[in-house]
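Student: I am new to this structure. Can we go through it step by step?

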Amino acid sequence: MNVRRETLTYLNAVSRNPKTMGSVAPSSPSLARQLATVVPSTGAPTVVELGAGTGAVTQAILDRLPAGASYVALDVDPTMVDYLRNRFPSVHVEQADAAMLDDVLAERGITSVDAVVSGLPWAVFGARQQEAILTKVMSSLAPDGVFTTFAYLHALPLAPARSFRRALRTAFDEVLITRVVWGNLPPAFTYVCRRPRRTAAPVDA
């Protein structure tokens with residue numbers, strides 16, 4: 001991996017779309033590995049990554065995936081998508097908004113996903129946007145599937161972060177909070193969510 005190229009690619013994306021990027025740096029290897037722990041390492045799982053960015057988490061997922069797995073990654077930024085396709089030719093990289101997840105999966109004939117790993121900047125989304133994306137995640141997951149994403153420690157008191165926690169608890173029967181990864185910039189933790197509910201109450205705007 002070319003760390004300098006990855007960082008420059010990420011910073012260029014931040015300069016183009018500052019409102020859609022949640023951090024000034026890619027996820028650290030430690031945070032990436034923590035996110036990837038939900039990915040099955042046996043069998044032939046189907047895995048989706050939302051907001052793949054420059055591939056920090058993508059590499060951690062690939063390190064766990066067994067042969068025969070299916071891996072689809074989504075990102076809205078065309079430059080990021082080109083970079084990911086060149087760096088990870090074995091991954092099906094799609095330029096698409098996370099809210100289009102069902103369309104992307106349908107085009108590939110995928111009816112059920114074992115794990116959804118998200119690098120999306122949830123704190124910059126409004127409650128309705130959060131709910132819309134989570135609804136697509138819920139509908140895509142197998143009954144025993146798992147969803148994971150991260151949040152920054154400093155953002156916990158903010159209204160979007162509180163709204164997102166409420167949305168997760170509405171969308172999933174089990175929501176676990178992991179240890180803080182202090183080596184990430186900024187420090188972050190992950191949510192691990194299981195047993196998706198097929199119907200969810202609306203989230204307040």
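**Rings, strands and cores**

Student: Are Trp 122 and Phe 125 buried or exposed?

Tutor: Buried means under 20% relative accessible area, exposed over 50%, and partly exposed in between, with a 1.4 Å probe and protein chains only. By that rule, Trp 122 and Phe 125 are both buried.

Student: What should I know about the model itself?

Tutor: It is a predicted model: local features need pLDDT of at least 70, side-chain atom pairs count only at pLDDT 80 or more, and totals for chains, interfaces and linings use all residues. Residues are numbered from 1 along each chain as its sequence is written, and side-chain values use heavy atoms, with hydrogens and water left out.

Student: How are the rings of Trp 122 and Phe 125 paired?

Tutor: Rings of Phe, Tyr and Trp (its six-membered ring) pair if their centres lie within 6.5 Å. Planes under 30 degrees apart count as stacked, over 60 as edge-to-face and the rest as tilted. Here the centres are 5.9 Å apart and the planes stand at 80°, so the pair of Trp 122 and Phe 125 is edge-to-face.

Student: What angle lies between the planes of Phe 150 and Tyr 152?

Tutor: Both residues are buried. Their rings form an edge-to-face pair, 5.3 Å centre to centre. The angle between the planes is 70°.

Student: How many aromatic pairs are there?

Tutor: Ring pairs link Trp 122, Phe 125, Phe 147, Phe 164, Phe 172, Phe 189 and Tyr 191 into a cluster. The count of aromatic pairs comes to 7.

Student: How many helices and strands does the chain have?

Tutor: Helices (H or I, at least four residues) and strands (E, at least two) are DSSP runs, numbered from the N terminus. From that end, the elements run α-α-β-α-β-α-β-α-β-α-β-α-β-β. The totals are 7 helices and 7 strands.

Student: In what order do the strands sit in the sheet?

Tutor: Two strands pair if DSSP finds at least two bridges between them. The 7 strands form an open sheet with mixed pairing. Their order is S3-S2-S1-S4-S5-S7-S6.

Student: Which strands stand at the edges, and why is one side of each left without a neighbour?

Tutor: An edge strand here has a single partner strand, so one side of it is left without a neighbour in the sheet. The two are S3 (92-95) and S6 (172-177).

Student: What is the average twist from one strand to the next?

Tutor: Axes are lines fitted to C-alpha atoms, for helices over the stretch in contact, and angles run from 0 to 180 degrees between N-to-C directions. The twist averages 15°.

Student: Which residue is the bridge partner of Val 72 in S3?

Tutor: S2 and S3 run parallel and are joined by 4 bridges. The partner of Val 72 is His 92.

Student: Through which helix does the chain cross from S2 to S3?

Tutor: The β-α-β crossover is right-handed. That means the path from the first strand over the helix to the second runs clockwise, with the strands pointing away from the viewer. The helix crossed is H4.

Student: How many residues of S5 are buried?

Tutor: S5 pairs with S4 in the parallel sense over 5 bridges. With S7, S5 pairs in the antiparallel sense over 7 bridges. S5 is mostly covered, and the buried count is 10 of its 12 residues.

Student: Which residues touch the most other members of the largest nonpolar core?

Tutor: A nonpolar core is a set of buried Ala, Val, Leu, Ile, Met, Phe, Trp, Tyr and Cys residues joined through side-chain atoms within 4.5 Å. The largest one has 31 residues. The members asked for are Leu 50, Val 137, Phe 147 and Phe 172.

Student: Which residue stands opposite Phe 172 in S7?

Tutor: S6 and S7 run antiparallel, joined by 5 bridges. Contact means heavy atoms within 4.5 Å, and Phe 172 touches residues including Leu 134, Cys 193 and Pro 196. Opposite Phe 172 stands Pro 196.

Technical notes: Lists of a residue's contacts leave out its neighbours within four places in sequence.
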